[in-house]
Amino acid sequence: MKTCIRCGRELKDKKSIERKFGPKCYEKYKKELEEIGTPDNQMVIDEVIEGDAV
Ligand SMILES: [Zn+2]
């Protein structure tokens, strides 16, 4: 069973499983990374968005 690494809820859709976050936790996660705003973290966001497009 796949669960959200943020809140531990079960993930049922493929995208959420790939992200390891539920939709709401993923939005929060992205915002947090933006707030941190370091180049390294920006790369992580880009990678995640790229994966989402598949
Ligand atoms: Zn969650």
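Modeller: Before we start, one definition: the expected span of a helix is 1.5 Å times one less than its number of residues. And keep in mind that this is a predicted model.

Biologist: Thanks! So what span does α2 reach from its first C-alpha to its last?

Modeller: Helix α2 covers residues 23–36, which is 14 residues, and it reaches 20 Å, close to the 20 Å expected at 1.5 Å a residue.

Biologist: And what is the count of buried residues among those 14?

Modeller: The count is 1, so α2 is hardly covered, given that a buried residue needs 20 or more other C-beta atoms within 10 Å of its own.

Biologist: Which residue follows α2?

Modeller: Gly-37 does, and its phi is positive, near 65 degrees.

Biologist: Let's zoom out. How many helices and strands does the protein chain have?

Modeller: There are 3 helices and 0 strands, and along the sequence the pattern reads α-α-α.

Biologist: What percentage of the chain is buried?

Modeller: Buried residues account for 11% of the 54 residues. As for contacts between residues at least 6 apart in sequence, 9% join residues at least 24 apart.

Biologist: New topic: where is Arg-6 found?

Modeller: Arg-6 sits in the segment before α1, the helix at 14–19.

Biologist: Which residues does it touch, leaving out those up to four places away in sequence?

Modeller: Arg-6 touches Phe-21, Cys-25 and Tyr-29. The C-alpha atoms of Arg-6 and Tyr-29 are separated by 8.7 Å, with the two residues 23 apart along the chain.

Biologist: Why is Arg-6 classed as partly exposed?

Modeller: Because Arg-6 has 15 other C-beta atoms within 10 Å, and partly exposed lies between the exposed limit of 12 or fewer and the buried limit of 20 or more.

Definitions and conventions
Residues are numbered from 1 along each chain as its sequence is written. This is a predicted model: local features need pLDDT of at least 70, side-chain atom pairs count only at pLDDT 80 or more; totals for chains, interfaces and linings use all residues. Helices (H or I, at least four residues) and strands (E, at least two) are DSSP runs, numbered from the N terminus. Two residues are in contact if their C-beta atoms, placed from the backbone, lie within 7 Å.
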